[in-house]
Amino acid sequence: MKVFLRIILFFAFFMANQAVFSSVKEVNSIAELKQCGYGTVKYNIAQGTQVVALISDYSGDNLFLWDGEEGVRITGLQNGYLSQTLAGVKPGQSVSGFITGTYSATQGIMNNLSCTPGDYYPNDTLHLELGGEGMLTPKAVTVEELNKAQGSLDYVNSYVKVHGVPAYYNYANVFFDDSFTNSIALANDFSVIPYDSLNSYNNQKGYFTGIVNATQSHYSSTYGLDVVDSAWFESEGMADAKKVEWDALRTDSIVTAPLADVTIKNLDMAAGGFYPLCLPFNVGSKLVKEIFGDDMKAYAMDVSNSSMEAGKATFAFKAYDVDSYGGFYAGSPVIVMPSKDVGEAFFGGVSISSTSPGQSSYTDWTTYESMAFKGTFAPYALMPSDLFVSSAGDLANPAQRGDSLRAFGAYFSVPVSVYGDQPSAQTVSLVVDGVALSIAHVATCRPVADGCVYTINGVRVDKNALKSGKGIYVVNGKKIMVK
């Protein structure tokens, strides 16, 4: 009996001490909460704390609270329990009560909660009492400030109002400042603002209101911004575009920009001619027709009908309907037949997204040899194995003509191992919609007279190479031998 009593007393003493040892740290503000590292915390909600947003994603319900200075995200509430409990709650609703759960400073969230109001149980209790609706005032920050705060908790889970410009095309979920030098990602695992809605705001300035989220960003190196208010624009009109001027006769630096007004000089296209075109930005069908004429035509390489058989290469091209495709795509080479002369072209409001031109290619999988229609963003000194159509109307080899290609064009490349150093019109043909083009109707290559010096491989070098470096160079489309 004595042994039994001793066991009972020991157990009672042990449980009493466990209650002391397992005590939960209590905090009374979000600022205090953010000083915690990781562990079980009871957060006593301060007077005046308000609900910023209630958002559901794949992990369950997410409740965002704001005390006027700091924000916190409470997550891990599964099966819509929180949404049901707080049904009808509007942003700005005041709350009181407490939350207990595991707080992670690295994530800036309290998680692993259930939604069972009532008694206090460590690790899993959320008890809220709702008050009247108030007026939320988010922190006003810049995109640059958010970038500088990366790696800290200065803004994580804060309720912010960010001024800037949404990008579009390849940047549909990115938000830029006015200078387009700083950006943050919109966390697109939340469906508050879908892609199409965001895209419809092309280049308008305004304010984005939301919760800064460092853990769920679609772009791992930047903060995400979970949208709280879908009516987020106090519109200030269109953003200021970067002014860019390029010349098809020279090598210009191609730098990405989410919004730019681009002028390209010396395109030198005549109505009715066929001209390869490769641009570092998307161009909508409406702008394509404004520049190249309403009755313009375009052709893209038809890889499925191209071939390399019995020593003869056929580049097949098919009609490319700019209306059906929505225009031209960055880095994708096409052949354009303008319905009006185009010497200089202005592309307003485009997004420069490609710094490397692309190509359309065909591969013979029996020999693993490939031929390609290759774009170029800079003047290109054609190699002996490349082909182009000369202004005289001949399918020509540059070793015979010494021509160079202008920037923002394209050329034909075939494997030397199959066609030799100087492929000819007898071994390579160009076919559009199943019909061989009349050579007289094709004028795709014009000499470049930029005064620059290129190696025989098309690499631009310093002009002093003509004085000190031995070899063969190309200047203004002509080969020069330096001994």
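This is a predicted model: local features need pLDDT of at least 70, side-chain atom pairs count only at pLDDT 80 or more; totals for chains, interfaces and linings use all residues.
Residues are numbered from 1 along each chain as its sequence is written, and side-chain values use heavy atoms, with hydrogens and water left out.

**Salt bridges**

A search of the whole structure finds six salt bridges, a salt bridge being a side-chain nitrogen of Lys or Arg within 4 Å of a carboxyl oxygen of Asp or Glu.

Select Lys 243 and Asp 261, whose side chains meet in one of these contacts, with 2.7 Å from N to O. Lys 243 belongs to strand β15 (residues 242-247) and Asp 261 to strand β16 (residues 257-265), so this pair ties together parts that are 18 residues apart in sequence. Strands (E, at least two residues) and helices (H or I, at least four) are DSSP runs, numbered from the N terminus. Lys 243 counts as exposed, at 65% relative accessibility, whereas Asp 261, at 15%, counts as buried. Here buried means under 20% relative accessible area, exposed means over 50%, and partly exposed lies in between, with a 1.4 Å probe and protein chains only.

Next, select Arg 250 together with Asp 252, which form a salt bridge with their closest N and O atoms 2.7 Å apart. Arg 250 is partly exposed at 34% relative accessibility, while Asp 252 is buried at 16%.

Now move to Lys 289 and Asp 323, a salt bridge in which the closest N and O atoms are 2.7 Å apart. Lys 289 lies in helix α6 (residues 285-292) and Asp 323 in helix α7 (residues 322-325), so the pair ties together parts that are 34 residues apart in sequence. Lys 289 counts as partly exposed at 23% relative accessibility, and Asp 323 also counts as partly exposed, at 45%.

Asn 266 is partly exposed, at 32% relative accessibility.

Finally, select Asp 268, which lies in the loop between β16 and β17 and has a positive phi of about 55° although it is not a glycine. At 42% relative accessibility, Asp 268 counts as partly exposed.
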